[in-house]
Amino acid sequence: MEKARPASLASSDTVRVTNPGGSSPFVLTCDHASNFLPAEFGTLGLAAEDLSRHIAWDPGALPVATRMAQALDATLVETRISRLVIDCNRPLDAPDLVPPISETTSIPGNAGLSEKQRAERIALSWQPFHGTIERIVEERLARGQETRLVSVHSFTPVYKGHDRPWHIGIIHDEDRRLASPLISALKRLAGITVGVNEPYSPADRVYFTLERHARSRGLPCAMIEIRNDEISGETGQRKWADLLTGIFSDLEPEEATRPRSHSVRKSVQSAS
C-alpha cells in the first residue's frame, strides 16, 4: 500500500493535480489511482492482502498516467483514496458507489452505512475529485484551450473465472472521435490484442467521469484499460506509457457529429 497519510484529511489531500498548466490538449484522469485507506476506516474488515488487490485500486494505472502526463505536458488529476471507501467513477445514485461487495469479496466496513456516513465519504473524496476536474476543464475552456479527456485504468487478467485476452481496451460510447483513431493506431502494433468496449463498456456504469466532464460539454474523450499484469512493474509501465505517448503525440480526433445520448450496451460487469 501507499505510505500512510494523516487520518484527518483535508480535501486537498484526497485529490492531486500534476502539471495543472499543461499545454497539451489532453487532460488525464486516474479515478482509481490509490489503495490508501485513512486510519479512521481501519481495513474496512478486510485482510491486508486484499488491500493490494484490484478491488482496492487499479494497480499500475497511476505510474502509466504520470509518465504520459510528463511526456505530453498534459494535466493529470488523480484520486488519493481507495475505491473501497468510495468509487469516484460512479454516479451518486450507483449501488456500488460505496461497494458492499467488490467482485466476489464482501466489504464488511461498507455494510449498513448511515446517510451521514455516506455523505461524509462523498465529501471526503468524490466531491473534491469531481470539483477539481470541473474547475480545470472550465478554466481551460474559458481561455480557449483545446481540451480532450482521457481516463486511465487497469483491469484483471481473470474476472470471476473468465480469462481476458486483451492487452488493452478502449472504452467509448457513440462519440468515437477520439476512440476510433486511438483504436486504429493500437491495432497497427504487432503482438497487441486490443479490446473495443472490452472488458467493459459504458453500459457497465464505468464511464461516469467522462460522461460528467467531457460528454456533457461535447468534448472528445476515451477510456483506456490496460491489463494489470502488463503494468505490474516499472518495465511494463514504461513500455505502455511510452507506447501511448507516441500515439497521443500525433492523435487528432476524427470529425463527427456529437450525439448526446448513450447507446452502447453489453452485459454488466463491475470493478473497472
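**A helix and some backbone exceptions**

Analyst: Happy to! Pro199 is found in the loop between strand S10 (194-196) and helix H4 (208-213), where helices (H or I, at least four residues) and strands (E, at least two) are DSSP runs numbered from the N terminus. A cis peptide bond, with omega about 5°, joins Glu198 to Pro199. For context, most peptide bonds are trans, and most residues other than glycine have a negative phi.

This is a predicted model, in which local features need pLDDT of at least 70 and side-chain atom pairs count only at pLDDT 80 or more, while totals for chains, interfaces and linings use all residues. Residues are numbered from 1 along each chain as its sequence is written, and side-chain values use heavy atoms, leaving out hydrogens and water.

Now to the helix: H5 (residues 234-249) has 16 residues and reaches 22 Å from its first C-alpha to its last, close to the 22 Å expected (1.5 Å times one less than its number of residues). Among the buried residues of H5 are Trp240, Leu243, Leu244, Ile247 and Phe248; buried means under 20% relative accessible area, exposed over 50%, and partly exposed in between, with a 1.4 Å probe and protein chains only. Their cover includes strand S2 (26-30), helix H1 (61-72) and strand S11 (221-227), judged by contact, meaning heavy atoms within 4.5 Å.

Two loops hold positive phi values. Asn19, between strand S1 (15-18) and S2, has phi near 60° and is partly exposed at 28%. Lys160, between strand S7 (158-159) and strand S8 (162-163), has a phi of about 50°.
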